[in-house]
Amino acid sequence: MSSKSDFVVVANRLPVDRVVDADGSGSWRRSPGGLVTAVEPLMRKRDGAWIGWAGDATPEGDGPLPPFENDGLSLYPIALTENEIAWYYEGFSNTSLWPLYHDAIVPAEYHREWWTKYVAVNQRFADAAAEIADTDAFVWVHDYQLQLVPKMLRELRPDVRIGYFLHIPFPPTELFTQIPWRRQIVEGLLGADLVGFQTPGAAANFLRLTRDLLQLKPARQSVEVDGRTVRVRAFPISIDAEAFTDLVNSPDVIARAEQIRHDLGNPRRMMLGIDRLDYTKGIDKRLEAFEELLDDGKISSEDVVMVQVATPSRERVEQYRMLREQIERTVGRINGTYGSVGNPAVNYIHRSLPREELVALYLAADIMVVTPYRDGMNLVAKEYVACRQDGTGALVLSEFAGASLELKQAFLVNPYDIEGLKAKYLEVLNADEADLKKRMRAMRRYLQRHDVMHWAQTFVDDMDAARERDGRGSAR
Ligand code: ADQ
């Protein structure tokens, strides 16, 4: 464990959660979430190390946490105190950056003490990476919580190659420049050799910002800073499609999917939403459109049933608590009006589920509804497609999810347009099976070629290509 690593992932969270068992002993459990889903397969292929926070608070004054192995992965936990969790994570990351980067759907708040902790915690991650990385290592920094790490790490270790990938959208100059510390963030990111985004639009926003804010002269996919070339490109993230295929073929999962439909009263159509309970995901509009179709008598709850899984998320942040109340009120109202004993119109689940159960739901659902107001990518949309082996099923997908640029045969919607959303539901509910299959097969073909391995390999290859151009040899 003490040896240096030549492939280091730096992310806010470790890919495991600490759980306390019934007998009081502690153990680690794989944690859900987009980033883990995406990066873990690559970690297993390469003998890498992962630096991240373990998800619980460390008492003030305690020293660093010891590294450990879990399920074949070398993990380096970063200690955060209660106060750092409140200010770096819940504060600056999730109440300043998260809403701002998602079109300021709710207003972003800025507080100087949050920023101070963001800087301090970013420095702790950079110090850990500098300590663990071997000479010439490839350090891959992830996401909005760690935007200052590339520059901090470069100052400590100019020999390592630094990649940075942002999992969420990157806003246009007009929004980004709200941030009181905007310059530090852009300079932080420019510490990397390669800055990756989910979409070409996000990459273009960043390049434009280097011109607007720092008066640099960006080219189409790169920008020169202090005599270095920083490449800036889109790398749309994906899923381990093969792992989903394996689960879809499991007899237990198939039986569970049949059971789900039976328990729902064998409706003609089952609609499904699966999201973290987040205000960016458009769960409210999705339910309102469903409710209005029931109100209008265009659908009936015997015919069409909705299942909404809303994974608990950021429950100490005020806006998330308010959202939960709002969604649960809406579900209650719909069921009060249209449900009957044993047959609610909306089946609502507010907890994390095992992967097998998610796949059984994907398999059972005729229509997957993914309606974010803004989403970096949205892996749920891709997971649904990966699970529809027989080519049946339909995907309703927001234009504002990164995934819409790739899953072009989905039924695309603008979630702000409730009439448009209702019309799209009806179109899909009455769609011709042959048309649905044609669409699904095209999306599946795309996904087979563009899985998470392809994503990671493209990123690593881009790093290598630049290195060879610089005459420094390959990363592998
Ligand atoms: P998220 O906002 O978390 O990810 P998403 O991409 O949909 O959104 O990933 C969610 C993941 O969690 C999926 O793999 C899903 O299967 C899993 N999940 C959801 N609900 C669950 C439940 N109840 N139980 C267990 N697992 C559950 C962020 C960005 C996205 C981007 C990803 C990856 O916001 O835009 O696609 O990172 O880069």
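# Close-up legends

View 1. Left-handed here says that the near helix is turned anticlockwise from the far one by less than a right angle, while clockwise would be right-handed. You're looking at a predicted model, where local features need pLDDT of at least 70, side-chain atom pairs count only at pLDDT 80 or more, and totals for chains, interfaces and linings use all residues. Residue numbers start from 1 along each chain, following the sequence as written. The axes of helix 6 and helix 7 (residues 200-214) come within 11 Å and cross at roughly 130 degrees. That makes helix 6 oblique to helix 7. On the helix 6 side, the contact uses Arg182, Arg183 and Val186, and helix 7 brings Leu209, Thr210, Leu213 and Leu214. Some housekeeping: helices (H or I, at least four residues) and strands (E, at least two) are DSSP runs numbered from the N terminus. Axes are lines fitted to C-alpha atoms, for helices over the stretch in contact, with angles running from 0 to 180 degrees between N-to-C directions. Angles under 35 degrees count as roughly parallel, over 145 as roughly antiparallel, 65 to 115 as roughly perpendicular, and the rest as oblique. Two residues are in contact if their C-beta atoms, placed from the backbone, lie within 7 Å.

**View 2. Helix 8 crosses helix 13, and this crossing is right-handed.** The axes of helix 8 (residues 241-248) and helix 13 (residues 379-387) come within 9 Å, at a crossing angle of roughly 50 degrees. Look for Ala241, Phe244, Thr245 and Val248 in helix 8, which meet Glu383, Ala386 and Cys387 in helix 13.

**View 3. Asn378 sits in the loop between strand 15 (367-370) and helix 13.** Asn378 isn't a glycine, yet its phi is positive, at about 95 degrees. Asn378 is also buried, with 25 other C-beta atoms within 10 Å. The scale is simple: a residue is buried if 20 or more other C-beta atoms lie within 10 Å of its own, exposed if 12 or fewer, and partly exposed in between, with C-beta atoms placed from the backbone.

**View 4. Arg314 is another non-glycine residue with a positive phi, of about 45 degrees.** Find Arg314 in the loop between strand 13 (304-311) and helix 11 (318-338). With 19 C-beta neighbours inside 10 Å, Arg314 counts as partly exposed.

**View 5. Helix 4 (residues 149-156) is largely enclosed by the rest of the structure, since six of its eight residues are buried.** The buried ones are Val149, Pro150, Lys151, Met152, Leu153 and Arg154. What covers them includes strand 1 (5-13), helix 3 (112-132), strand 7 (133-142), strand 8 (161-165) and helix 6 (182-189).

**View 6. Zooming out, the protein has 16 helices and 17 strands.** Its C-alpha atoms fill a box of roughly 65 × 55 × 45 Å along the principal axes. Of the 476 residues, 46% count as buried. Among contacts between residues at least 6 apart in sequence, 75% join residues at least 24 apart. As for confidence, the mean pLDDT (the predictor's confidence in each residue, from 0 to 100) is 93, and 96% of residues reach 70 or more. The predictor also gives the complex an ipTM of 0.99 and a pTM of 0.96.
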